Amino acid sequence: MKKYLKTYEEKCTGCNTCMTVCSTLFFKEDNYEKSCIQVVKNEKGGFLLPVCDQCEICVPECHTLALTVNKKGVVMLNKSLCIGCYACVAICPTDTMMTYHNLIVPFKCTACGACAKECPSGALEIVEEER
Amino acid sequence: MNFDIDKLKAKHKMLKEFSFEKKEVEKGYAGKTLYINIGNNEIKEKTVTEEMKKIFTGGKGFNLKLMWDAVNDDTKWDSPENVINIATGPIGGNTNYAGSGKSIVTSISPLTNIPIDSNVGGYFGPYLKFAGFDAMEIQGKSENEIIIYIDGNNGKIQIFEAPDEAVDSHVFAEQMVEMFAENEKEKQHVATVSAGTGSNTAYIGCLNFSFYDKRRKVARLKQAGRGGIGTVFRNKKIKGVVIKYSGLTGDSNNAVDVKTVQDTGLKLHKEIIKLDDSQCKMRKVGTAHLTEIMNEYDLLPTHNYKFGSHEESKHLSSDVFYNKFLTHGLPDGCWYGCTMACAKTADKFELLTGPYKGDLVTVDGPEYETVGGCGSNLGIWDAQAVLEINFYCDTYGLDTISFGTMTAFIMECWDNGILDKEKTGGLVFTWGNKKDTLELLHQIGRGEGFGLIAGKGTRKMKDHFEKEFGADRTFMNDIGMEAKGLEYSEYITKESLAMQAGYGLALKGPQHDEAWLIFMDMVNNQIPTFEDKAEALHYFPMFRTWFGLQGLCKLPWNDVEPENNAETDEPNKVPEHVQNYVDVFNAITGQNATKEDLLLQSERVYNFQKSFAIRLGFHGRKQDAIPYRSMGPVTNEEYESRVERYDGQMKDKIGIDPKGKNTTEKVAITRKYREEQYEKLMTAAYKRRGWTKDGIPTIEHLKEIGLDVPEVFEVLKKHL
């Protein structure tokens, strides 16, 4: 079973509500650079929504076992074990293991669904499916 | 593994307890070094002065400076005042830039009687710095078996007698993890230094540095292999040094500009992940990928360096180890955040011989050098046997390179009738005899039989064979692959004059970590003149010395290269990576150094180490003499095996027509020419380094590079 945030980029209007919700929830500030999901304008005027798809490629890269997969299939980062090496950031195929300026520890989407609940255009959805 | 920690602890006798004030590391430096005398149980801290940082930078520089002050002109490897010094460096311990977890160890070597330095992975060095010390020195000799324990969390150090703990490293490391970690989580915070039973009598002893692998749930080992430091360790009756440190973060160095460290590290991480599979495959198979490359270029030492390739070497190719033995897909770095991750592991490897026969063990390796030394060089074309030799060398505390090279010498002596069963106590050393090679290893482990003689290394064996068996010294000097007393590492250098000098002029003896010039010289012909070669023999040893000052591994410098590296002005220097090092060094220390400044840091320490050997009585061109086997074909068999090459060179390079000459004559002509070439290159390289024709650094040069140390001048003046 894999729980993850599914995106429907064609529905995205670029309102950035998801980034506000995410950064406010995780970091108590409205700062798009501290959001686990990003809204990126593409060349055609639409939007890309890069966010962790819980592929687990990062997990074996971690020396300290700070990255684990929970029962729902979500990759969780234990900040107390992380030593900020960024090996997981480098190997992430979707560039969604996030970093921010002087923060030592990276951060990522935990499929909490807060952004999906607030998305006004239905571009985000938490799904659970077999992979 | 079965052991009772409570029973072990019950036998401990506390000899000394010492407390120190914990301070944060600032800009990559702890600001203190740790002095421990196990002869009188004195423990003290020493302050790292700004002058010390300015002249010696850190790492090997600090080790050698402390060692210079500790010993006298007559100190031998087993003198009580000899020290074992361990350090990392200002960059060491950062978790962002791949290869930043190295420790460097120095001592006076039992093989060479001059300062040896050997670098090693594992967690000890960085934990030592974050516990509060840029370096530690261990002086004196203990009466009884001891352990030194450093509690880096609470600022406490203990020396205690430990009669029942294991000496062999794979057991000792597990015992210490169980003894000092209070739970599973803490096991990664315990790191050890130990040797092994082989180091008790052999001079080729190494040190094992452990790091606990959380996934495999085993304490893995990396080796400070070269030069017999494990022998010094056991001579001092140390079972181990243990450290516990729990506070590692992504900025334990308190860098001035952590963002630059992170960004530069991330850039390299991405480069490694993208390019490694199409370049060196370090993440997949580690340094063992070199075996097939060296075989292809006729550089793989085979039958005591007689030849450079062999059809059977396919049985030792990296594919064989990968498919049959190595565990796949785990992060194998020997320090946190090393995405190069070359420290491969064979898990649940079943031992077929020796005291641990039948055990399922973890073998860290094999490194290329072990495959070359303990495989092809001995004609052992059996990957399982190479891994078994690898495991036992490690746990017995023996250097796989020296063991391989000196056993190859034994086999060639056997081949030439210098040895027989009577002289070896029944062991048979025909090429490829894995059974008796392993038995020799176990004899060294037990300190008995022919193992007692062999374990002293190639140079001492030559003395013994000449004195006791009447063996031809000249022939043994030609084929015994040692220089300065240290066994060669595993490359054929016959066709690369620059690499012959790379080995011959290497300060500690013939190890390739100072310079690896074979492709530049032999394959790509990029350094054709003596001046070109001399320049390479200046730049690369100086640049590569820098890794040992900083706590860095050399491999991420040029075992992965940026995609556009070939288009740069000096691809052999990997300019982008050099700039990475400048950026990371400045970002951590807050200095404003240039790449030229980094070379000067190295040049000071390099010349200091050279001067140190001179101080101990080892000076003159003879110090850099090398065995003829490393220059050219010693025997007719070797010449005839590559007759087209040698005949061609005789005609084109020497200007003599080989027609009508027999092989013996041609061997002599080739030898005369090659030996002259080597002498000329020595002279050119000395000049480029600012040394006299006798290899003595001049005072003017030392002042120019900032090594303005009167004590050093006093030593050199006697020889200028």
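In this predicted model, helix H19 (residues 497–504) of chain B packs against helix H27 (residues 663–688) of chain B, with an angle of about 60° and 10 Å between the axes. The crossing of H19(B) and H27(B) is right-handed. On the H19(B) side, the contact is made by B:Leu497, B:Ala498, B:Gln500, B:Ala501 and B:Gly504, while H27(B) puts in B:Gln677, B:Tyr678 and B:Leu681.

Next up is a sheet in chain B. Six strands make up this open sheet, in the order S3-S2-S7-S4-S5-S6, and the pairing is mixed. Strand S3 (42–47) and strand S6 (115–120) of chain B sit at the edges, each pairing on one side only. Direction ignored, neighbouring strands are turned by 15° against each other on average. Strand S2 (residues 32–37) of chain B runs antiparallel to S3(B), and the two pair over six bridges. B:Thr33, for instance, has B:Lys46 in S3(B) as its bridge partner.

A helix goes with this sheet, too. Helix H3 (residues 60–70) of chain B lies across S2, S3, strand S4 (83–87), strand S5 (103–108), S6 and strand S7 (135–139) of chain B. Relative to S5(B), H3(B) runs at about 25°.

Two single residues round out the picture. B:Thr339 sits in the loop between helix H10 (318–324) and strand S14 (345–350) of chain B. B:Thr339 counts as buried because its relative accessibility is 0%, the cut-off for buried being under 20%. Its side chain makes a polar contact of 2.7 Å with the side chain of B:His269. With neighbours within four places in sequence left aside, B:Thr339 is in contact with residues of chain A, namely A:Glu61 and A:Ala87, and with B:Ala98, B:His269, B:Ile272, B:Ile273 and B:Arg283 of chain B.

The other one, B:His442, belongs to helix H15 (residues 434–446) of chain B. At 3% relative accessibility, B:His442 also counts as buried. Its side chain joins that of B:Thr353 in a polar contact of 2.9 Å, and also reaches the backbone nitrogen of B:Gly354 at 3.5 Å. Not counting residues up to four places away in sequence, B:His442 touches B:Thr353 and B:Gly354, along with B:Pro355, B:Tyr392 and B:Tyr396.

How values were computed. Residues are numbered from 1 along each chain as its sequence is written. Chains are lettered from A and ligands numbered from 1 in the order in which they are written. This is a predicted model: local features need pLDDT of at least 70, side-chain atom pairs count only at pLDDT 80 or more; totals for chains, interfaces and linings use all residues. Side-chain values use heavy atoms; hydrogens and water are left out. Two strands pair if DSSP finds at least two bridges between them. Helices (H or I, at least four residues) and strands (E, at least two) are DSSP runs, numbered from the N terminus. Axes are lines fitted to C-alpha atoms, for helices over the stretch in contact, and angles run from 0 to 180 degrees between N-to-C directions. Contact means heavy atoms within 4.5 Å. A crossing is left-handed if the near helix is turned anticlockwise from the far one by less than a right angle, and right-handed if clockwise. Buried means under 20% relative accessible area, exposed over 50%, partly exposed in between (1.4 Å probe, protein chains only). A polar contact is a pair of N or O atoms within 3.5 Å; within protein, one must be able to donate a hydrogen and the other to accept it, and residues adjacent in sequence count only if both atoms are side-chain atoms.
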